[in-house]
Amino acid sequence: MFNKYTVITKTINMENGESVVAKDKETEKEAMDLFYNNCSSYGTNPQTKACEVMVLNPNGDINRIEKIDNSKYIVKE
């Protein structure tokens, strides 16, 4: 179906703004490296309320998905 692996990263910032970025990678290793990098970068960013990162294989099936919810760490004044 597809020729490459696709990494999709959806984020919601603390002001509820949303962003979706999709990047194609040639190999599964490149895709998984980007997956873990995005989980680390967005999941530990204090400005990110929540993020979802997924890897689609060339057939369009989900190889891996991770949902990170930082909203539980928001301190209400």
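**Exercise 1. Which residue in β4 is the bridge partner of Ala50?**

This is a predicted model, where local features need pLDDT of at least 70, side-chain atom pairs count only at pLDDT 80 or more, and totals for chains, interfaces and linings use all residues. Numbering runs from 1 along each chain as its sequence is written, and side-chain values use heavy atoms, leaving out hydrogens and water.

Step 1: Go to β3 and β4, which run antiparallel and are joined by seven bridges. Strands (E, at least two residues) and helices (H or I, at least four) are DSSP runs, numbered from the N terminus.
Step 2: Look across from Ala50, and you land on Asp69.

**Exercise 2. Work out the strand order of the sheet and name its edges.**

Step 1: Two strands pair if DSSP finds at least two bridges between them.
Step 2: That gives an open sheet of four strands, β2-β1-β3-β4, with antiparallel pairing.
Step 3: β2 (18-25) and β4 (62-69) each pair on one side only, making them the edge strands.

**Exercise 3. Find out how many disulfides there are, and check Cys39 and Cys51.**

Step 1: A disulfide is a pair of cysteine sulfur atoms within 2.5 Å.
Step 2: The count is zero; from Cys39, the nearest cysteine sulfur is that of Cys51, 6.1 Å away.
Step 3: Buried means under 20% relative accessible area, exposed over 50%, partly exposed in between (1.4 Å probe, protein chains only). Cys39 is buried at 12%, and Cys51 is buried too, at 5%.
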